[in-house]
Amino acid sequence: MTSELIYKYLSNEASEQEVQSLFDWIDASEENKKHFISLKKTWALTSLSDTITTESVSVISMKPKNNAVQYLKYAAVFLVLFGLGKLAFDFSQKTKSSKEIVLELADGTSEIITKSNQTQVINDKGSLIAKKFPNHIIYFGKVQDQKVVYNTLKVPYGKRFKLTLSDGTIVSLNSGTTFRYPEQFGINGKRNVFLTGEAFFEVAKDKQHPFIVNANKVDIEVLGTKFNISAYPENPTVNSTLIEGSIKMYEVENKENLVLLVPNQMATWQNNAKKITTKAVDPSFYSAWTKGELAFKDTPFSTIAKIIQRTYDVEIINENTVLAKQNFTGTIKISESSVENILELLKRDTPFNYSIEENTITITNPSITK
(Lines give C-alpha, C1' and ligand atoms only; values in the text may rest on other atoms or scores of the structure.)
Protein backbone atom coordinates (compact mmCIF):
# COMPACT_ATOMS: atom_id res chain seq x y z
CA MET A 1 0.00 0.00 0.00
CA THR A 2 1.50 3.30 -1.04
CA SER A 3 1.42 6.45 0.98
CA GLU A 4 -0.15 8.13 -2.02
CA LEU A 5 -3.42 6.23 -1.52
CA ILE A 6 -3.44 7.02 2.19
CA TYR A 7 -3.06 10.72 1.52
CA LYS A 8 -5.75 10.43 -1.18
CA TYR A 9 -8.09 8.94 1.40
CA LEU A 10 -7.25 11.58 3.99
CA SER A 11 -8.02 14.25 1.42
CA ASN A 12 -11.43 12.62 0.85
CA GLU A 13 -10.53 11.94 -2.77
CA ALA A 14 -10.40 8.14 -2.71
CA SER A 15 -13.07 6.08 -4.48
CA GLU A 16 -15.26 3.63 -2.57
CA GLN A 17 -13.20 0.74 -3.95
CA GLU A 18 -9.96 2.43 -2.89
CA VAL A 19 -11.35 3.10 0.59
CA GLN A 20 -12.30 -0.55 1.01
CA SER A 21 -8.88 -1.60 -0.26
CA LEU A 22 -7.23 0.70 2.25
CA PHE A 23 -9.30 -0.61 5.16
CA ASP A 24 -8.46 -4.20 4.22
CA TRP A 25 -4.77 -3.31 4.16
CA ILE A 26 -5.00 -1.57 7.57
CA ASP A 27 -6.71 -4.58 9.12
CA ALA A 28 -4.10 -6.97 7.74
CA SER A 29 -1.49 -6.18 10.40
CA GLU A 30 -0.62 -3.99 13.36
CA GLU A 31 2.35 -2.65 11.41
CA ASN A 32 0.04 -1.42 8.64
CA LYS A 33 -2.25 0.17 11.19
CA LYS A 34 0.62 2.00 12.87
CA HIS A 35 1.91 3.21 9.52
CA PHE A 36 -1.53 4.53 8.58
CA ILE A 37 -1.98 6.34 11.89
CA SER A 38 1.50 7.83 11.70
CA LEU A 39 0.90 9.25 8.22
CA LYS A 40 -2.57 10.44 9.11
CA LYS A 41 -1.39 12.16 12.26
CA THR A 42 1.39 13.99 10.48
CA TRP A 43 -0.91 15.01 7.67
CA ALA A 44 -3.72 16.11 9.99
CA LEU A 45 -1.56 18.04 12.40
CA THR A 46 0.09 19.93 9.59
CA SER A 47 -3.18 20.98 8.09
CA LEU A 48 -5.28 21.63 11.18
CA SER A 49 -3.49 23.14 14.09
CA ASP A 50 -0.35 24.96 14.92
CA THR A 51 -0.90 24.51 18.62
CA ILE A 52 -1.18 20.73 18.93
CA THR A 53 2.21 19.30 19.80
CA THR A 54 3.72 16.53 17.76
CA GLU A 55 3.71 14.41 20.89
CA SER A 56 -0.05 14.50 21.09
CA VAL A 57 -2.07 11.63 19.72
CA SER A 58 -4.60 13.25 17.44
CA VAL A 59 -6.78 10.42 16.37
CA ILE A 60 -10.01 8.96 17.55
CA SER A 61 -9.76 5.20 17.14
CA MET A 62 -12.57 2.91 18.09
CA LYS A 63 -12.26 -0.68 19.18
CA PRO A 64 -13.22 -2.96 16.29
CA LYS A 65 -16.54 -4.74 16.53
CA ASN A 66 -17.75 -5.47 12.99
CA ASN A 67 -17.17 -4.38 9.41
CA ALA A 68 -19.67 -1.56 9.57
CA VAL A 69 -18.03 -0.19 12.65
CA GLN A 70 -14.64 -0.68 11.03
CA TYR A 71 -15.65 1.77 8.34
CA LEU A 72 -16.90 4.24 10.93
CA LYS A 73 -13.74 3.82 12.92
CA TYR A 74 -11.53 5.22 10.24
CA ALA A 75 -14.14 7.69 9.10
CA ALA A 76 -14.25 8.97 12.67
CA VAL A 77 -10.50 9.43 12.64
CA PHE A 78 -10.98 11.81 9.81
CA LEU A 79 -14.08 13.51 11.08
CA VAL A 80 -12.95 14.26 14.59
CA LEU A 81 -10.10 16.42 13.42
CA PHE A 82 -12.25 18.42 11.07
CA GLY A 83 -15.67 18.30 12.60
CA LEU A 84 -15.22 19.31 16.20
CA GLY A 85 -14.18 22.83 15.49
CA LYS A 86 -16.80 23.51 12.87
CA LEU A 87 -20.18 22.45 14.18
CA ALA A 88 -22.26 25.38 15.22
CA PHE A 89 -23.99 24.34 18.41
CA ASP A 90 -21.98 25.34 21.43
CA PHE A 91 -23.46 23.61 24.42
CA SER A 92 -20.74 24.81 26.75
CA GLN A 93 -21.68 28.43 26.24
CA LYS A 94 -25.12 27.68 27.60
CA THR A 95 -23.98 26.01 30.75
CA LYS A 96 -20.68 27.26 32.04
CA SER A 97 -21.71 30.57 33.60
CA SER A 98 -23.54 29.17 36.60
CA LYS A 99 -20.53 28.90 38.95
CA GLU A 100 -17.67 31.19 39.83
CA ILE A 101 -14.09 30.87 41.05
CA VAL A 102 -13.93 31.62 44.79
CA LEU A 103 -10.92 32.73 46.83
CA GLU A 104 -11.21 32.03 50.56
CA LEU A 105 -8.85 34.13 52.67
CA ALA A 106 -7.18 33.22 55.94
CA ASP A 107 -9.45 35.55 57.94
CA GLY A 108 -12.51 33.58 56.85
CA THR A 109 -13.75 36.02 54.24
CA SER A 110 -14.15 35.06 50.60
CA GLU A 111 -14.37 36.80 47.26
CA ILE A 112 -15.47 35.83 43.77
CA ILE A 113 -12.89 36.15 41.01
CA THR A 114 -14.54 38.00 38.13
CA LYS A 115 -13.41 39.47 34.84
CA SER A 116 -13.29 42.90 36.44
CA ASN A 117 -11.15 41.64 39.31
CA GLN A 118 -7.83 43.46 38.93
CA THR A 119 -6.55 44.55 42.31
CA GLN A 120 -3.40 44.72 44.39
CA VAL A 121 -3.06 43.47 47.95
CA ILE A 122 -0.83 45.55 50.24
CA ASN A 123 0.10 44.56 53.79
CA ASP A 124 0.17 46.85 56.83
CA LYS A 125 3.80 47.75 56.07
CA GLY A 126 2.95 48.89 52.57
CA SER A 127 4.56 45.88 50.87
CA LEU A 128 2.93 44.27 47.84
CA ILE A 129 1.56 40.81 48.65
CA ALA A 130 -0.40 39.96 45.50
CA LYS A 131 -1.71 41.13 42.17
CA LYS A 132 -5.07 39.72 41.16
CA PHE A 133 -6.17 39.33 37.54
CA PRO A 134 -9.31 37.67 36.09
CA ASN A 135 -7.51 34.38 35.32
CA HIS A 136 -4.35 34.62 37.40
CA ILE A 137 -3.16 35.67 40.87
CA ILE A 138 0.51 36.45 41.47
CA TYR A 139 1.89 36.44 45.02
CA PHE A 140 5.10 38.02 46.29
CA GLY A 141 7.46 37.88 49.27
CA LYS A 142 8.05 35.75 52.34
CA VAL A 143 7.11 36.09 56.00
CA GLN A 144 8.36 34.77 59.31
CA ASP A 145 7.32 31.15 59.68
CA GLN A 146 4.89 31.89 62.51
CA LYS A 147 3.05 34.39 60.29
CA VAL A 148 2.32 31.99 57.46
CA VAL A 149 -1.41 31.95 56.65
CA TYR A 150 -3.27 29.88 54.08
CA ASN A 151 -5.68 30.86 51.32
CA THR A 152 -7.95 28.43 49.46
CA LEU A 153 -8.92 28.73 45.81
CA LYS A 154 -11.92 26.80 44.51
CA VAL A 155 -12.24 26.30 40.74
CA PRO A 156 -15.68 25.00 39.69
CA TYR A 157 -16.52 22.71 36.80
CA GLY A 158 -16.14 24.43 33.44
CA LYS A 159 -13.30 26.75 34.49
CA ARG A 160 -9.52 26.78 34.99
CA PHE A 161 -7.22 29.17 36.83
CA LYS A 162 -3.53 29.92 37.35
CA LEU A 163 -1.55 30.94 40.42
CA THR A 164 2.00 32.15 40.83
CA LEU A 165 2.94 31.41 44.43
CA SER A 166 5.18 33.69 46.42
CA ASP A 167 8.26 31.52 45.71
CA GLY A 168 7.72 31.83 41.95
CA THR A 169 6.11 28.40 41.52
CA ILE A 170 3.42 28.41 38.83
CA VAL A 171 0.32 26.25 39.43
CA SER A 172 -2.32 25.64 36.75
CA LEU A 173 -5.60 24.45 38.27
CA ASN A 174 -8.06 22.34 36.32
CA SER A 175 -11.85 22.30 36.58
CA GLY A 176 -13.34 20.98 39.82
CA THR A 177 -10.22 21.67 41.90
CA THR A 178 -9.66 23.01 45.42
CA PHE A 179 -6.15 24.24 46.22
CA ARG A 180 -4.91 25.44 49.64
CA TYR A 181 -1.63 27.34 49.74
CA PRO A 182 0.32 29.89 51.82
CA GLU A 183 -0.42 33.49 50.97
CA GLN A 184 3.33 33.94 51.47
CA PHE A 185 5.78 31.12 52.18
CA GLY A 186 7.82 31.20 55.37
CA ILE A 187 11.50 32.12 55.36
CA ASN A 188 12.44 28.69 56.68
CA GLY A 189 10.94 25.22 56.45
CA LYS A 190 9.21 23.30 53.72
CA ARG A 191 6.79 24.67 51.17
CA ASN A 192 3.52 22.79 51.84
CA VAL A 193 0.38 22.99 49.68
CA PHE A 194 -2.80 20.88 49.57
CA LEU A 195 -4.61 19.65 46.45
CA THR A 196 -8.00 18.09 45.74
CA GLY A 197 -8.57 17.85 42.00
CA GLU A 198 -5.97 18.33 39.29
CA ALA A 199 -3.05 20.73 38.91
CA PHE A 200 0.10 21.16 36.86
CA PHE A 201 3.11 22.43 38.81
CA GLU A 202 6.19 24.29 37.61
CA VAL A 203 8.06 24.42 40.90
CA ALA A 204 10.67 27.11 41.50
CA LYS A 205 14.00 25.56 42.42
CA ASP A 206 14.95 25.88 46.09
CA LYS A 207 17.05 23.01 47.47
CA GLN A 208 16.82 24.36 50.99
CA HIS A 209 13.03 24.30 51.07
CA PRO A 210 11.40 21.19 49.52
CA PHE A 211 8.03 21.71 47.86
CA ILE A 212 5.41 19.22 49.06
CA VAL A 213 1.96 18.64 47.58
CA ASN A 214 -0.45 16.88 49.93
CA ALA A 215 -2.95 14.95 47.79
CA ASN A 216 -5.34 12.59 49.54
CA LYS A 217 -3.22 10.07 51.47
CA VAL A 218 0.08 10.70 49.71
CA ASP A 219 2.64 13.49 49.54
CA ILE A 220 4.57 14.43 46.41
CA GLU A 221 7.89 16.05 47.31
CA VAL A 222 10.15 17.95 44.91
CA LEU A 223 12.94 20.50 44.84
CA GLY A 224 12.20 22.08 41.47
CA THR A 225 10.52 20.43 38.50
CA LYS A 226 7.44 20.14 36.27
CA PHE A 227 4.73 17.58 36.95
CA ASN A 228 0.99 16.94 36.90
CA ILE A 229 -1.14 15.58 39.75
CA SER A 230 -4.67 14.22 39.41
CA ALA A 231 -6.36 13.65 42.76
CA TYR A 232 -10.10 13.96 42.27
CA PRO A 233 -12.01 12.65 45.32
CA GLU A 234 -14.36 10.53 43.19
CA ASN A 235 -11.39 8.52 41.86
CA PRO A 236 -9.81 5.66 43.87
CA THR A 237 -6.31 6.69 42.81
CA VAL A 238 -3.89 9.63 42.82
CA ASN A 239 -1.72 9.97 39.72
CA SER A 240 1.45 12.03 39.43
CA THR A 241 3.13 12.35 36.03
CA LEU A 242 6.64 13.77 35.73
CA ILE A 243 7.73 15.95 32.81
CA GLU A 244 11.20 16.95 33.99
CA GLY A 245 13.40 16.78 37.11
CA SER A 246 12.56 14.24 39.79
CA ILE A 247 9.85 13.76 42.38
CA LYS A 248 9.15 11.47 45.29
CA MET A 249 5.68 10.11 46.14
CA TYR A 250 5.11 8.51 49.53
CA GLU A 251 2.26 7.47 51.80
CA VAL A 252 1.61 10.10 54.48
CA GLU A 253 1.20 7.50 57.25
CA ASN A 254 4.12 5.37 56.08
CA LYS A 255 6.87 7.40 54.47
CA GLU A 256 8.86 4.26 53.69
CA ASN A 257 6.14 3.32 51.22
CA LEU A 258 7.57 5.49 48.44
CA VAL A 259 8.67 5.67 44.82
CA LEU A 260 11.08 7.94 42.99
CA LEU A 261 10.08 9.10 39.53
CA VAL A 262 12.20 10.02 36.52
CA PRO A 263 10.82 11.99 33.54
CA ASN A 264 8.15 10.27 31.43
CA GLN A 265 6.96 8.14 34.33
CA MET A 266 3.67 8.19 36.23
CA ALA A 267 3.18 7.09 39.84
CA THR A 268 -0.25 5.85 40.92
CA TRP A 269 -1.42 5.62 44.53
CA GLN A 270 -4.22 3.11 45.05
CA ASN A 271 -6.37 4.05 48.04
CA ASN A 272 -7.73 0.59 48.77
CA ALA A 273 -4.50 -1.37 48.35
CA LYS A 274 -2.30 1.40 49.84
CA LYS A 275 0.11 0.64 47.05
CA ILE A 276 2.15 2.89 44.75
CA THR A 277 2.97 1.68 41.25
CA THR A 278 4.88 3.28 38.39
CA LYS A 279 4.84 3.01 34.62
CA ALA A 280 6.31 4.73 31.58
CA VAL A 281 3.92 7.21 29.90
CA ASP A 282 3.77 9.98 27.35
CA PRO A 283 3.42 12.95 29.72
CA SER A 284 1.92 15.16 27.02
CA PHE A 285 -1.36 13.28 27.46
CA TYR A 286 -1.57 14.21 31.11
CA SER A 287 -0.68 17.87 30.69
CA ALA A 288 -2.73 18.47 27.52
CA TRP A 289 -5.48 20.18 29.53
CA THR A 290 -3.09 23.04 30.37
CA LYS A 291 -3.05 23.81 26.62
CA GLY A 292 -6.83 23.70 26.37
CA GLU A 293 -7.01 20.14 25.03
CA LEU A 294 -8.58 16.88 26.15
CA ALA A 295 -6.35 13.89 25.40
CA PHE A 296 -7.42 10.25 25.60
CA LYS A 297 -5.45 7.08 25.01
CA ASP A 298 -7.46 3.87 25.07
CA THR A 299 -9.56 5.60 27.73
CA PRO A 300 -12.82 4.03 28.98
CA PHE A 301 -15.98 6.02 28.25
CA SER A 302 -16.72 6.21 31.99
CA THR A 303 -13.50 8.18 32.47
CA ILE A 304 -14.14 10.33 29.42
CA ALA A 305 -17.61 11.14 30.76
CA LYS A 306 -16.12 12.36 34.05
CA ILE A 307 -13.63 14.57 32.20
CA ILE A 308 -16.39 16.03 30.01
CA GLN A 309 -18.51 16.73 33.09
CA ARG A 310 -15.70 18.67 34.76
CA THR A 311 -14.59 20.48 31.62
CA TYR A 312 -18.00 21.60 30.40
CA ASP A 313 -19.86 21.74 33.72
CA VAL A 314 -22.50 19.21 32.74
CA GLU A 315 -23.91 16.02 34.21
CA ILE A 316 -23.85 12.86 32.09
CA ILE A 317 -26.19 9.95 32.82
CA ASN A 318 -25.23 6.94 30.70
CA GLU A 319 -27.84 4.21 30.34
CA ASN A 320 -26.13 2.61 27.32
CA THR A 321 -24.20 -0.46 28.50
CA VAL A 322 -22.44 -0.95 25.16
CA LEU A 323 -21.01 2.57 25.20
CA ALA A 324 -19.90 2.08 28.79
CA LYS A 325 -17.58 -0.74 27.65
CA GLN A 326 -15.90 1.22 24.85
CA ASN A 327 -12.44 2.79 24.91
CA PHE A 328 -11.37 5.78 22.83
CA THR A 329 -8.18 7.54 21.80
CA GLY A 330 -7.97 11.11 20.62
CA THR A 331 -7.26 14.77 21.24
CA ILE A 332 -9.92 17.47 21.28
CA LYS A 333 -9.49 21.23 21.48
CA ILE A 334 -11.83 22.45 24.21
CA SER A 335 -12.38 25.94 22.84
CA GLU A 336 -13.43 24.61 19.43
CA SER A 337 -15.57 21.70 20.58
CA SER A 338 -18.90 21.47 22.36
CA VAL A 339 -20.30 18.54 24.30
CA GLU A 340 -22.70 17.90 21.45
CA ASN A 341 -19.78 17.79 18.99
CA ILE A 342 -18.12 15.09 21.04
CA LEU A 343 -21.29 13.03 21.47
CA GLU A 344 -22.02 13.17 17.76
CA LEU A 345 -18.54 11.83 17.07
CA LEU A 346 -18.83 8.99 19.56
CA LYS A 347 -22.17 8.00 18.04
CA ARG A 348 -20.34 7.14 14.83
CA ASP A 349 -18.63 4.28 16.59
CA THR A 350 -21.26 3.21 19.09
CA PRO A 351 -24.81 4.23 18.14
CA PHE A 352 -26.85 5.82 20.94
CA ASN A 353 -29.45 8.47 21.57
CA TYR A 354 -29.07 11.37 23.96
CA SER A 355 -31.21 14.16 25.33
CA ILE A 356 -30.16 17.45 26.92
CA GLU A 357 -32.17 19.15 29.64
CA GLU A 358 -30.46 22.24 31.04
CA ASN A 359 -27.01 20.90 31.95
CA THR A 360 -27.99 17.22 32.25
CA ILE A 361 -27.29 14.84 29.36
CA THR A 362 -28.95 11.43 29.34
CA ILE A 363 -27.51 8.77 27.01
CA THR A 364 -29.76 5.86 26.08
CA ASN A 365 -29.82 2.94 23.68
CA PRO A 366 -30.45 3.76 20.01
CA SER A 367 -33.98 3.63 18.66
CA ILE A 368 -34.84 0.51 16.66
CA THR A 369 -36.25 1.25 13.23
CA LYS A 370 -38.86 -1.27 12.08
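Author: Let us begin with Leu 323, which is found in helix 8 (residues 321–324). Helices here are DSSP runs of H or I with at least four residues, strands are runs of E with at least two, and both are numbered from the N terminus. The model is a predicted one, in which local features need pLDDT of at least 70, side-chain atom pairs count only at pLDDT 80 or more, and totals for chains, interfaces and linings use all residues. Residues are numbered from 1 along each chain as its sequence is written, and side-chain values use heavy atoms, with hydrogens and water left out.

Reader: Why is Leu 323 called buried?

Author: Its relative accessible area is 0%. Buried means under 20%, exposed over 50% and partly exposed in between, with a 1.4 Å probe and protein chains only. Leu 323 is therefore buried.

Reader: Which residues are in contact with Leu 323, leaving aside its neighbours within four places in sequence?

Author: They are Phe 301, Asn 318, Phe 328, Thr 350, Phe 352 and Ile 363, where contact means heavy atoms within 4.5 Å. Leu 323 also lies 8.8 Å from Ser 302, C-alpha to C-alpha, although 21 residues separate the two in sequence.

Reader: What makes Ile 6 buried?

Author: Ile 6, in helix 1 (residues 3–10), has 0% relative accessibility and so counts as buried. Its C-alpha is 9.8 Å from that of Ile 37, which is 31 residues away in sequence.

Reader: What makes Asn 264 and Glu 358 fall into their accessibility classes?

Author: Asn 264 is at 40% relative accessibility and therefore counts as partly exposed. Glu 358 is at 71%, so the class is exposed. Asn 264 is found in the loop between strand 19 and strand 20 (265–270), and Glu 358 in the loop between strand 25 (353–357) and strand 26 (360–364). Neither is a glycine, yet phi is positive in each: near 70 degrees for Asn 264 and about 55 degrees for Glu 358.

Reader: How do you know that the span of helix 7 agrees with its number of residues?

Author: The expected span is 1.5 Å times one less than the number of residues. For the twelve residues of helix 7 (residues 301–312) this gives 16 Å, and the end C-alpha atoms are 16 Å apart, so the two agree. Buried residues in helix 7 include Phe 301, Ile 304, Ala 305 and Ile 308. In general, an α-helix has 3.6 residues a turn, so residues three or four places apart point the same way. After helix 7 comes Asp 313, with a positive phi near 55 degrees.

Reader: What makes strand 15 (residues 218–222) and strand 18 a pair?

Author: Two strands pair if DSSP finds at least two bridges between them. Strand 15 and strand 18 are joined by four bridges and run antiparallel, so they meet the criterion. Within strand 18, Tyr 250 stands opposite Asp 219. Five bridges link strand 18 to strand 19 (residues 254–261), also antiparallel, and a hairpin of two residues joins them. Ile 247 has Leu 261 of strand 19 as its bridge partner. Of the five residues of strand 18 (residues 247–251), four are buried.

Reader: How many bridges join strand 17 to strand 16 and to strand 20?

Author: Strand 16 (residues 226–231) and strand 17 (residues 237–244) pair antiparallel over five bridges, and five residues lie between them in a hairpin. Strand 17 and strand 20 likewise pair antiparallel over five bridges, with Ser 240 opposite Ala 267.

Reader: Why is Arg 180 said to lie over the face of Tyr 150?

Author: The criterion asks for NZ of Lys or CZ of Arg within 6 Å of the ring centre and within 35 degrees of the ring normal. Arg 180 is placed over Tyr 150 at 4.4 Å from the ring centre, and over Phe 194 at 5.3 Å.

Reader: How confident is the predictor in the protein chain?

Author: The pLDDT, the predictor's confidence in each residue from 0 to 100, averages 82, and 81% of the residues score at least 70. Over residues 44–98, however, the pLDDT is below 50, and this stretch has 114 contacts in the model beyond near neighbours in sequence.
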